[in-house]
Amino acid sequence: VSQSRYRGGRIEYIFQPEDAGYVAGQEHGLIVATEDMTAPMVWGCTDKLVGSTGVAIGKGASNTDMIVVACGNYSAAGVCAGLVTGYSDWYLPSLTELRKIFVNQQSAMGFAAGKYWCSTENNGNYAYAVDFADNFGGYVPVLKNNPLRVRAVRTF
């Protein structure tokens, strides 16, 4: 995986045949912002089920849209959606997208040892976070009002 800057960030995952967005003979994947989004922040609204946020690769952008509609711009998803670095199609990655990024993040992307929000909801009060402090990229449900780190992604 190339570590040079590319379209506003760095390439951290190349889509595989089983992934949404894969096109045979073409290279597509996930670009990760080079820095965390501001200070740790809340996922979004608690006591409210946003609804059908997907887990799979290709679901992060639509999850982000649903979260912004339900919870507003001051949410982890809203901050990612509002990022403009020459490109304005950033989003909060889905659980699987963030776990794939974890596998490749050993390449000095500046991820902190700690939990990062993804856009996949668990229930009305909890959403999933991927733990960049463990060696396996484990994920756990965390209360949505708990401030965690956030990193935006986009596809190419």
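A word on the model: it is predicted, with local features needing pLDDT of at least 70 and side-chain atom pairs counting only at pLDDT 80 or more, while totals for chains, interfaces and linings use all residues. Residues are numbered from 1 along each chain as its sequence is written, and side-chain values use heavy atoms, leaving out hydrogens and water.

**Helix α1**

Helices are DSSP runs of H or I with at least four residues, and strands are E runs of at least two, numbered from the N terminus. Buried means under 20% relative accessible area and exposed over 50%, with partly exposed in between (1.4 Å probe, protein chains only).

| Side of α1 | Residues |
|---|---|
| Buried | Gly60, Asn63, Thr64, Ile67, Cys71 |
| Exposed, turned away from the buried side | Asp65, Val69 |

Seen down the helix axis, the buried residues of α1 fall within an arc of 100 degrees, so they line one face; the arc is that of the directions from the axis to the C-beta atoms.

**The core**

A nonpolar core joins buried Ala, Val, Leu, Ile, Met, Phe, Trp, Tyr and Cys residues through side-chain atoms within 4.5 Å. The largest has 25 residues, and Met37 and Trp43 are among those with the most contacts inside it. Two or more of its residues come from each of α1, α2 and β5, and α2 gives the most, with four.
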